[in-house]
4 protein chains.
Amino acid sequence: MVEYRIDRGSGVPAYVQIVDQTERALRMGTLKVGDKLPTAREVVAATAINPNTVLRAYRDMEQAGLVELRRGLGTFVTRSLARPGAEGDSPLRREITDWTARARAAGLERADVLALVTAALDAYDDERDTHTPGDRERKKEDA
Amino acid sequence: MVEYRIDRGSGVPAYVQIVDQTERALRMGTLKVGDKLPTAREVVAATAINPNTVLRAYRDMEQAGLVELRRGLGTFVTRSLARPGAEGDSPLRREITDWTARARAAGLERADVLALVTAALDAYDDERDTHTPGDRERKKEDA
Amino acid sequence: MVEYRIDRGSGVPAYVQIVDQTERALRMGTLKVGDKLPTAREVVAATAINPNTVLRAYRDMEQAGLVELRRGLGTFVTRSLARPGAEGDSPLRREITDWTARARAAGLERADVLALVTAALDAYDDERDTHTPGDRERKKEDA
Amino acid sequence: MVEYRIDRGSGVPAYVQIVDQTERALRMGTLKVGDKLPTAREVVAATAINPNTVLRAYRDMEQAGLVELRRGLGTFVTRSLARPGAEGDSPLRREITDWTARARAAGLERADVLALVTAALDAYDDERDTHTPGDRERKKEDA
DNA sequence: GTGGTCTAGACCACT
DNA sequence: GTGGTCTAGACCACC
């Protein structure tokens, strides 16, 4: 079962945080097709945000084709975002888990780690853009 | 010079994106004390957002003690967030750059990479929480 | 400018009525790409429904790719649903206008007219289904 | 025998769709006084909605005086909504059947056809409103 | 002054 | 007891 953690005061709307965290769980395979999301009530109990806000997030994901809201039953995953290469026992995953642990142990904060990865992603994209001419764009997921 | 990229439609307020990206540059050392941020005019030209929105972000960072607005001159960095271990030639940085490139080359999207790192960070924190009792909290930067 | 008419008590959610009426205007060419929808405030003034309900409808249409909400500016049509054959001076349109007038003059109510057309649509679909075997389905727009 | 088709996802409550479709059949004469509606069980089998929802619709129609629920026997039509002019062999009906077929053959979708008719109805009402002063109102059946 | 988020709470639809 | 609509009103982001 997913557990949402809402950071009030991050400036990021609560419903966006729910959507992002759900998508992340889908990408990681933590959430699979058919799985049930926590009910709005459960999320409310766990996070102290308003039921309407939770439903807003669920509705958005429904329109995005990720989940299905069934009245009287709950909300269920209808599409997977899982990627080969991101499984729990993949080499890439073992490596990043190890690297992250070392980075944290070296005194880097969560934000530092994410900044490093973002910089690495940007570097990779810029590298590719340079070699393959075309319109240079970085895809969302930035903020 | 930092280059802001605003993702309209990410749901994240534009001024938050500016602050986040600036902080990231500070953590990475891309931006150092004394450096000048782009003028509102320049940001507007590059991103098509309203000057007031840029100024709002700069004012927020001034209040956070990160930058100083000198009227007629520009906005200047007053504090560093750089971390030892995150320098451009540090081993951690070389490793993550390499790993990211391999992950992307393996077909993972930007979002997948960030999801993997976030999961690794969560795993690390949970691990520590288990061994060292205390209030279990994950700090912002999550959404 | 579109003018929404909300039938409270029809059982159909107000935001659905707004979406339906907007789509209808798009199909008829009454609303064209670039046109501005009435502001939420204007709709509120004209229909006595809550601003949030209007915004809910506009947001839904934005996600459907029909309109774009620009903060501080308004809501604008981004996609046309106009169909060749449905223009104001097309033969089909002249014919239906004439037929409808005669039906109404003959004492049929609005609901009768719509029932007749729906029956005719059903008959047409059933006819086709009979001749071309396959899964028999009637598309939405039914309720 | 009527055959209900429920469009989940149209936003219109299922029980409203049942009532609407029944009324339409009454107006068209497809359903006559004394006719038996399908049992809740049959509707459930055909539409995969909950029996309670069907009963809710039947009860609403009973209160509206359209049908009578006889326990153990079924639900029966008690009132006609048929209109002279809408019979199966009336000229108006032949004309609209023909027109609809041509409209569909010309590439118009079901929704386009309904939009055209609605526009024609609106035009007719507006015309009359202009010539005969009074409160200008469009009756339900709109959404 | 535009759209946008969130809250609170009432009532409804559906299983 | 699930999700769903709507209202009212406060406050925010953006132009």
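Mentor: Let's start with a term: a salt bridge is a side-chain nitrogen of Lys or Arg within 4 Å of a carboxyl oxygen of Asp or Glu. By that rule, chain B and chain A have 16 salt bridges between them. Before we go on, this is a predicted model, where local features need pLDDT of at least 70, side-chain atom pairs count only at pLDDT 80 or more, and totals for chains, interfaces and linings use all residues. Residues are numbered from 1 along each chain as its sequence is written, chains are lettered from A and ligands numbered from 1 in the order in which they are written, and side-chain values use heavy atoms, with hydrogens and water left out.

Trainee: Which side chain of chain A meets Arg110(B) in a salt bridge?

Mentor: That's Asp122(A), with 2.9 Å from N to O.

Trainee: Which helices of chain B give two or more residues to the side that touches chain A?

Mentor: Helices here are DSSP runs (H or I, at least four residues), strands are too (E, at least two), and both are numbered from the N terminus. For chain B, look at H1 (14–28), H4 (91–105) and H5 (110–131). H5(B) gives the most, with 16 residues.

Trainee: How many residues of chain B are in contact with chain A?

Mentor: Contact means heavy atoms within 4.5 Å. On that basis, 55 residues of chain B touch 57 of chain A.

Trainee: And how much area do chain D and chain C bury between them?

Mentor: Buried area is the accessible area (1.4 Å probe) that two parts lose on being put together, summed over both. Chain D and chain C bury about 5,500 Å², and 61% of that is on carbon and sulfur atoms. The rule also finds 16 salt bridges across this interface. One of them links Arg27(C) with Glu109(D), whose closest N and O atoms are 3.5 Å apart.

Trainee: Now strands. Which way do the residues of E2 in chain C point?

Mentor: In a regular strand, side chains alternate between the two faces of the sheet. In E2 (residues 74–77) of chain C, Gly74(C) and Phe76(C) point one way, while Thr75(C) and Val77(C) point the other. All are buried, meaning under 20% relative accessible area, with exposed over 50% and partly exposed in between (1.4 Å probe, protein chains only).

Trainee: How many bridges join E1 to E2 in chain C?

Mentor: Two strands pair if DSSP finds at least two bridges between them. E1 (residues 67–70) and E2 of chain C run antiparallel, joined by four bridges. In one of these, Arg70(C) has Gly74(C) as its partner. Three residues lie between the strands of this hairpin, where Gly72(C) takes a positive phi near 85 degrees.
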